[in-house]
Amino acid sequence: MLKRYALLSFLLLISLGPRPARAWGFFGHRLLNRLAVYTLPPKMVGFYKAHIDYMTANATRPDARRTVVPGEAAKHFMDVDRYGDSCLTTHGRGLPRRYEDAVARYGEDSLLRHGIVPWNIARMKNQLTAAFQRQDADAILRLSADLGHYVADACVPLHATQNYNGQLTGQRGIHGLWESRLPELLAADYDLFTGPAPYLEHPGDAAWGALARSHAAVDSVLLFEKELTATFPADRKYGYEARGATTVRVYSRDFSRAYHARLGGQVERQLRYASRLIGAFWYTCWVDAGAPDLDKLPRTTSAVEELRLAREAADAAGAPAVGSVPGHEE
């Protein structure tokens, strides 16, 4: 009951705030990092709950870096269909699990063009483990928030295909429909709480498994939207809603709910899966670091970390765009 109340309070807070166009980056990521805290064991949860507002607010920081930090955009996705379905296997012509081996086979430019999310998760996992070993509270928080973001991205079907926004099949806008519109409208009715986060014996395989699960859902994500569109006249498929001082065109509530029903709760399942997987990565990093005593760490962020965040936000707001990886922009 307490967790349900915490979720409803968070959803109310989100609904009262501004709604940027890329709502998954705001709503979904922040919700997932927050939920992941509640999957942690007693020896971790005190530290993370003390910093739950940090984990929530900074869940979107990687998206803010996408257009200003070279190489950042590639960390959020992978065009699995670029390599063929067999690329996710661990034998034959499957993609190498070591990034260096993948670079040797395909070249780094090609990998960056088509996304590196599972390799990036593995790299982030190693960095967070090292931060726990150093008992560096600032680094633990920063890396946990970022790792949660990338794990969540790997759990989105349209982050696992070249047809990331339906642009190849005349379904442009489906990206925002699946990962933004549905959670925004329906999350209050979702059952998003899971059991305790498990220890990941093979965290690299877990990252690739999340991507494979997402890729397996791509066909249904696209097919069901196309089938539903054939039954909806345009004036019922879309509508207009106020967003702050502006009025924007959105998928109608009727169409969104019908799509949710056609998907059979797929978005809800992926949100639940992602929150537990994020917690599992945090927990695994902590265990692999020797399970240090987090109760000895500060319960407030340092002045140095606050200054770093302020500088990063200023850079993201004021720096010219460096360009992004072609594709995977809504």
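This is a predicted model: local features need pLDDT of at least 70, side-chain atom pairs count only at pLDDT 80 or more; totals for chains, interfaces and linings use all residues.

Me: How many helices and strands does the protein have?
Reply: Helices (H or I, at least four residues) and strands (E, at least two) are DSSP runs, numbered from the N terminus. Going by that, the protein has 2 strands, and its helices number 16.

Me: Why is H10 largely enclosed by the rest of the structure?
Reply: Look at who is buried in H10: the list includes Trp 178, Glu 179 and Arg 181. H10 is largely enclosed because its buried residues number 12 of the 13.

Me: Where does helix H10 bend?
Reply: A bend at a residue is the angle between axes fitted to the seven residues ending there and the seven starting there. In H10 (residues 174-186) that angle is about 30°, and Pro 183 follows within four residues of the bend. The spot is Ser 180.

Me: Are H10 and H12 roughly parallel or roughly perpendicular?
Reply: Axes are lines fitted to C-alpha atoms, for helices over the stretch in contact, and angles run from 0 to 180 degrees between N-to-C directions. H10 and H12 (residues 218-229) pack at about 105°, with axes 11 Å apart. Angles under 35 degrees count as roughly parallel, over 145 as roughly antiparallel, 65 to 115 as roughly perpendicular and the rest as oblique. So H10 and H12 are roughly perpendicular.

Me: Which residues in H12 do Ile 174, Leu 177 and Trp 178 meet?
Reply: Contact means heavy atoms within 4.5 Å. On the H12 side, the three H10 residues meet Val 221, Leu 222 and Glu 225.

Me: Is His 51 buried or exposed?
Reply: His 51 sits in the loop between helix H3 (42-50) and helix H4 (52-57). Leaving out residues up to four places away in sequence, His 51 touches Leu 141, Pro 298, Arg 299, Thr 300 and Thr 301. Its relative accessibility is 3%, so His 51 counts as buried.

Me: What is the relative accessible area of Ala 317?
Reply: Ala 317 lies in helix H16 (residues 303-318). Ala 317 is exposed, and the value is 69%.

Methods:
Residues are numbered from 1 along each chain as its sequence is written. Side-chain values use heavy atoms; hydrogens and water are left out. Buried means under 20% relative accessible area, exposed over 50%, partly exposed in between (1.4 Å probe, protein chains only).
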